[in-house]
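Here are some notes for a colleague who is about to work with this model. They are set out as numbered points, to be read beside the coordinates.

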Amino acid sequence: MVAFRFAIVSLLVTSSAAFTATPSLTPRSSSLRMSDGSFDFDVAIIGCGVGGHGAALHSRAQSLKTAVFSGQDVGGTCVNRGCVPSKALLAASGRVREMRNAKHLEELGIEVEGEVKYSREGIAAHAKNLANRVKGNLEASLVGLGVDVIEGRGVLTGKPNEVKDALTGKIYTAKNIILAPGSVPFVPPGVTVDEITVCTSDGALELPYVPQWVAIIGSGYIGLEFSDVYTALGSEVTFIEALDDLMPTFDREIAKQAERLLIRERPIDYRTGVFAAEVTPGVPGVKPVTIKMIDAKTKEHVETIEVDAAMVATGRVPNTANMGLEEMGIETQRGFVPVNEKMQVLTKFEDGQVIPGVYCIGDANGKMMLAHAASAQGISAIENIVGRTHVVDHNAVPAACFTHPEISMVGPTEEQAREMAEKEGWELGKSQGSFRANSKALAEGESAGMAKVLFNKGTGKVVAVHIIGLHAADLIQECANAVAAGTTVQELSMMVHTHPTLSEVMDEAFKGAVGMSAH
């Protein structure tokens, strides 16, 4: 789950790094234009999250008659219950952490008299207001471009080219249908959620109260970000992770740095290799939440703890139930819809046949569960609909975790890259840059962190980049562009970076890859 910051502009420019073709500045020709009347729409999009929105805008740019079935949820998870409001919570709580860090402020020559206080209601309102504002911008952009926004949820009828509005029962026809239903939080068996004392990310974003002690089940992106919010606002946190390592999907070197910066220096402890087998809600201030843990391997009882609140951050599952997939002959796996590289829906994952005129983008196809990846896939689907073959390069799609400091990455982890190199017969190169000697980071008093570039020694092409440090989420875009364009470390090492900026951390890494030194 990753954020768009500038409402419409960011949503329109999503994942440009994933597109290998150079876009024209003039309208391009295609074999498909405004509906000739045989269908109600050229394109009908089921779902109005970031992916559906991106697809709709690009569809209208091709002069296609377009409808979006919003399901009364314009903006989807990202805008209403994910990327956008979570960034608002992180921004507000981050200010609180910064202003309460007397040592850091003293180093900058700043003194704060009295206690730094915050309003829980005010912070929650900031998140809600931001989400509503971005949602309004999205809807306005659709209407302004002539997209028909249908409020009900779209459901396949089982007949080709048909979509039913679940709210009214009316059936519409479309030459092409794009499924973009998004995802919902996954709640493991045995966990009872009340969205007050035991909540998913949906409930946690409401910030109903700030618990003294909160257990976070799962230590991925979502769990890490909420640990950042809770500890900044005064909570103690316990991570419960089923795998043997914290942050199991992260590059191991970066994960170790993150453990030092984001966990050890904060009121956080953890249990690894255990399942939260039973989680029973409590009553705020009256009755604690009870969590029974079992060993992930032996399934034997290990420990039972009582906390003020628990947050379930165990990932997300496709929101594809009850939308008529079975009637169309589509076999899903754990709810995920099978697609080919053109985003065309297949009848099944193994040796499936293409279902003509049906596409699936975003979390529902499981290729990469990121908002900007969904938008990139939506744009790609439209390109394929109009006859311009296009494939999204998912290895060039960046990701970020908006903790303080931030973590970002593009491409495989170092462990995965080494396996790739060994399997494919090439040598992996590695070079690092540090925030410790960066003038801008030192000026901010935020010099912790590192960046590492992984590259093919034979070709010089960048394979992956991993960063932890100040504004890492912004620094990764240059690297994602390099992966997408096939830029070599030799070329990057000769590109000029502004001084003094954080981008010089990357300059150091690029130069180091070819034996040069950065000042």
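**Notes on local features**

1. The model is a predicted one, and in it Gly 158 sits in the loop that runs between β4 (154–156) and β5 (162–165). Its C-alpha atom is separated by 6.6 Å from that of Gly 324, although the two glycines are 166 residues apart along the chain. Once the neighbours within four places in sequence are set aside, Gly 158 is in contact with Glu 327 and Met 328.

2. Helix α4 covers residues 83–100, which makes 18 residues, and from its first C-alpha to its last it reaches 26 Å, close to the 26 Å expected at 1.5 Å a residue.

3. Arg 388 belongs to the loop between α10 and β19 (399–401), and it counts as buried because its relative accessibility is 15%, where the class requires a value under 20%. Two side-chain partners can be named for this arginine. With Glu 383 it forms a salt bridge of 2.9 Å, taken from N to O, and both Glu 383 and Arg 388 are buried. With Gln 62 its side chain makes a polar contact of 2.9 Å.

4. A search of the whole structure returns 22 salt bridges. Side chains of opposite charge can pair when their charged atoms come close. One of the bridges joins the side chains of Lys 452 and Glu 414 at 2.4 Å, N to O. This pair links distant parts of the chain, since Lys 452 is in strand β22 (residues 450–456) and Glu 414 is in helix α11 (residues 414–424), 38 residues apart. Lys 452 counts as buried because its relative accessibility is 0%, and Glu 414, at 9%, counts as buried as well. Through salt bridges that share partners, Asp 251, Glu 253, Glu 414, Arg 418, Lys 430 and Lys 452 are joined into one network.

5. A further salt bridge is found between the side chains of Asp 269 and Arg 271, with an N to O distance of 3.3 Å. Is Asp 269 buried or partly exposed? Asp 269 is partly exposed, because its relative accessible area is 33%.

6. On the surface, Leu 108, Ile 110 and Val 112 form a nonpolar patch, and together they have about 230 Å² of accessible area. Val 112 is placed in the loop between α5 (102–107) and α6, and because its relative accessibility is 40%, it counts as partly exposed.

7. The backbone deserves a separate look. Most residues other than glycine have a negative phi, and most peptide bonds are trans. The bond that joins His 404 and Pro 405 is cis, with omega about 0°, and Pro 405 is found in the loop between β19 and β20 (406–410). The peptide bond from His 499 to Pro 500 is likewise cis, with omega near -5°, and Pro 500 lies in the loop between α14 (489–493) and α15 (503–513).

8. Positive phi values are the remaining topic. Lys 299, a residue other than glycine, has a phi near 65° and is found in the loop between β13 (289–295) and β14 (301–307). Met 343, also a residue other than glycine, has a phi near 75° and is found in the loop between β16 (316–318) and β17 (344–346). As for accessibility, Lys 299 counts as partly exposed because its value is 48%, whereas Met 343 is buried, because its relative accessible area is 0%.

Notes. Residues numbered from 1 in each chain as written. Predicted model: local features only at pLDDT ≥ 70, side-chain atom pairs only at ≥ 80, totals over all residues. Heavy atoms only, no water. Helix = DSSP H or I, 4+ residues; strand = E, 2+ residues; numbered from the N terminus. Expected span 1.5 Å × (residues − 1). Buried < 20%, exposed > 50% of the residue type's maximum accessible area, 1.4 Å probe, protein only. Polar contact = N/O pair within 3.5 Å; in protein donor to acceptor, adjacent residues only side chain to side chain. Patch = residues over 30% accessible without salt bridge, like charges linked within 9 Å, V, L, I, M, F, W, Y side chains within 5 Å. Areas by Shrake-Rupley, 256 points an atom, 1.4 Å probe, with all protein chains shown as cover. Salt bridge = Lys/Arg side-chain N within 4 Å of Asp/Glu carboxyl O. Contact = heavy atoms within 4.5 Å.
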